[in-house]
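This report goes through a few helices and a few single residues, with the structure shown below for reference.

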Amino acid sequence: TYNRLDDRYLEDPVLRSLLYKDVCDKANSQDEDLTSHDIMPDEEYRPDLAAQRIWEVAELRWVVRAIAGVDAEWDPLPVGTTIMAPPLAWIRDRIRHYADNGEVTGTVSVD
């Protein structure tokens, strides 16, 4: 089993992609609760290190990759780029939302 903050905690790839979209939308929202972080040279191939520095949670490496626009674990992060990181509590809430019921707003339920 995976840590509940790891993206692989959500087994459904559709729900996981919706979570990624929520995270990216939040990072681009210009909300006041975002934290800026400059990608450092030692983080180029270490999104886990960037996550540890931002949230003190290395498992959130997937959030760093998502908001930096990097798809694969082995692709480099854009050194020198400033990313805007959502608060840890907000990320936990979104993961919990999709893990508990996965309800997607704006859809039609077929019973």
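## Terms and model

Helices (H or I, at least four residues) and strands (E, at least two) are DSSP runs, numbered from the N terminus. Axes are lines fitted to C-alpha atoms, for helices over the stretch in contact, and angles between N-to-C directions run from 0 to 180 degrees. The model is a predicted one, in which local features need pLDDT of at least 70 and side-chain atom pairs count only at pLDDT 80 or more, while totals for chains, interfaces and linings use all residues. Residues are numbered from 1 along each chain as its sequence is written, and side-chain values use heavy atoms, with hydrogens and water left out.

## How H1 meets H3

Helix H1 (residues 13–27) packs on helix H3 (residues 61–68) at an angle of about 65°, and their axes are 9 Å apart. The crossing of H1 past H3 is right-handed, a term for a near helix that is turned clockwise from the far one by less than a right angle, with left-handed used for anticlockwise. On the H1 side the contact (heavy atoms within 4.5 Å) is made by Leu 19, Tyr 20, Val 23, Cys 24 and Ala 27, and on the H3 side by Trp 62, Val 63, Arg 65, Ala 66 and Ile 67. Sorted by class, this contact of H1 with H3 has 9 nonpolar residues, no polar ones and 1 charged residue; here Ala, Val, Leu, Ile, Met, Phe, Trp, Tyr, Cys and Pro count as nonpolar, Asp, Glu, Lys and Arg as charged, and the others, Gly among them, as polar.

## The buried side of H1

The buried residues of H1 are Leu 15, Leu 19, Asp 22, Val 23, Lys 26 and Ala 27, where buried means under 20% relative accessible area, exposed over 50% and partly exposed in between (1.4 Å probe, protein chains only). They cover an arc of only 130° around the axis, which puts them on the same side of H1; the arc is that of the directions from the helix axis to the C-beta atoms. On the other side of H1, Pro 13 and Val 14 are exposed.

What do the buried residues of H1 pack against? Their partners are H3, strand S2 (82–85) and helix H4 (88–100). Asp 22, which has its place in helix H1, is buried at a relative accessible area of 18%. Leaving aside its neighbours within four places in sequence, Asp 22 is in contact with Trp 90, Arg 94 and Tyr 98.

## Helix H4

In H4 the buried residues are Leu 88, Ile 91, Arg 94, Ile 95 and Tyr 98. Seen down the axis of H4, these buried residues fall within an arc of 130°, so they line one face of the helix. The cover over the buried residues of H4 includes H1, H2 and H3, whereas the face turned away from the buried side carries the exposed residues Ala 89 and Asp 100.

Arg 96, also found in helix H4, is partly exposed, with a relative accessible area of 42%.

## Two loop residues with positive phi

Most residues other than glycine have a negative phi. Gln 30, in the loop between H1 and strand S1 (35–38), has a positive phi, near 65°, and is exposed, with a relative accessible area of 74%. Glu 56, in the loop between helix H2 (47–55) and H3, has a positive phi of about 65° although it is not a glycine, and at 65% relative accessibility Glu 56 counts as exposed.
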